[in-house]
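Subject: Structure handover

Hello,

Here is the structure for your files. My notes on it follow below the model.

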Amino acid sequence: MDYHIPVMPLEAVDALSVRPGGLYVDGTIGGGGHSAIILERLQGKGKLIGVDRDVNALSAAKQRLCPSYSETITFVHDNFHNLPQILCEKKLDKVDGVLLDLGVSSYQLDAPERGFSYRLPGQLDMRMNQESDDITAAEIINTYTEEQLTDIFFTLGEERFSRRIARAIIDERPINTTLHLSEIIENATPRQKPGNPHPAMRSFMALRIAVNNELYPLDEALTSIIDCLNPGGRIAVISFHSLEDRIVKKCFSRLANPCNCPRDIPYCVCGKLPQLKVLTKKPMLPSSEELKRNSRAHSAKLRVGEKIDATTPA
């Protein structure tokens, strides 16, 4: 199964500084592209925990990795937000590195039945974990008020025609398929210039984020994951749109510079200690060669932090 072409695979794994014998987590294992490189560098002497809330992703990763690395990898069907609980259940404490690829996989986008694509026919689902009771995109589209839909499209999709789209959706209900929704959005927005993104792209992205609650717990999740790192352990996060990247950047900055003392005080009195050293002042971007191979890497940004064991105030 061609599940997913990993984005910045060498850059992301290099950033983790994987050492044989270490304990690592791929919190969004997808088809196992990043994990394959981590496992190769572990040389059979460490452990990798592969997490994903999509059972299809786990199946693809097992098919790819188990023949060679069955003794080194453990698969977990869960959300990376729950990493502290996952480690507790595995009777583990701290890890040496965590990789998070926050993007949607190529397989998910290209599978019509998942409902992620505005170009392919399918039911409006968009749940990463289809075994969950989470709300679907169809439920949001057909039950939310105009104001709620406007807020989703504007806040999560940065769609400037959000109100016009929301009003058109209300007028056309019920809406249960991807192509029906895509057509409504296209008719509700000005004609696009050749080469511009599809007019439904931002709205579909916003719906996916809302269905899977991707942004609101992200800062909290990153904070708890960094707390699970050993001193010197690293976290590498690949994001794919500005809202995600902004949250990652602010979280890293907050943990690296926690002191909230007034600036006119000559030394720290709040006692808050830094937990993280930011290793990427600016995010790493895909190379031009990768962009030629993988068009879905275009918006990717990689940020890296290292856990520190501070003994003095920030």
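Helices (H or I, at least four residues) and strands (E, at least two) are DSSP runs, numbered from the N terminus. The model is predicted, so local features need pLDDT of at least 70 and side-chain atom pairs count only at pLDDT 80 or more, while totals for chains, interfaces and linings use all residues. Residues are numbered from 1 along each chain as its sequence is written, and side-chain values use heavy atoms, with hydrogens and water left out.

Overall picture

The protein has 13 helices and 7 strands. Along the principal axes, the C-alpha atoms fill a box of roughly 60 × 60 × 40 Å.

Of the 314 residues, 51% are buried. Buried means under 20% relative accessible area, exposed over 50%, and partly exposed in between (1.4 Å probe, protein chains only). The protein exposes about 15,400 Å², and carbon and sulfur atoms supply 49% of that area; areas come from the Shrake-Rupley method with a 1.4 Å probe, and for residues only the protein chains shown count as cover.

Contact means heavy atoms within 4.5 Å. Among contacts between residues at least 6 apart in sequence, 70% join residues at least 24 apart.

There are 38 positive and 40 negative side chains, and the centres of the two sets lie 6 Å apart. Lys and Arg count as positive and Asp and Glu as negative, without His and the chain ends; each charge is placed at NZ of Lys, CZ of Arg, CG of Asp or CD of Glu.

Gly 97 belongs to strand E4 (residues 95-101) and is buried, at 0% relative accessible area. Leaving aside neighbours within four places in sequence, the contacts of Gly 97 are Leu 16, Leu 23, Tyr 24, Val 25, Leu 229 and Arg 234. Arg 167 is 70 residues from Gly 97 along the chain, and their C-alpha atoms are separated by 46 Å.

Thr 136 sits in the loop between helix H5 (106-110) and helix H6 (137-143). Its relative accessibility is 14%, so Thr 136 counts as buried. Beyond residues up to four places away in sequence, Thr 136 touches Leu 124, Asp 125, Arg 127 and Val 211.

Cysteines

With a disulfide defined as a pair of cysteine sulfur atoms within 2.5 Å, the count is 0. Cys 259 is in no disulfide, as the nearest cysteine sulfur, that of Cys 261, is 3.6 Å away. Cys 259 is partly exposed, at 30% relative accessible area. For Cys 88, the closest cysteine sulfur is that of Cys 228 at 10 Å, too far for a bond. Cys 88 is exposed, at 57%.

Backbone

Most residues other than glycine have a negative phi, and most peptide bonds are trans. The bond from Arg 173 to Pro 174 is cis, with omega near 0 degrees; Pro 174 lies in the loop between helix H8 (162-172) and helix H9 (178-188).

Gln 43, not a glycine, has a positive phi of about 55 degrees. It is in the loop between helix H2 (33-42) and strand E2 (47-52) and is exposed, at 51%. Asn 213 also has a positive phi, near 50 degrees. Asn 213 is in the loop between helix H10 (201-212) and helix H11 (218-227) and is partly exposed, at 40%.

Regards
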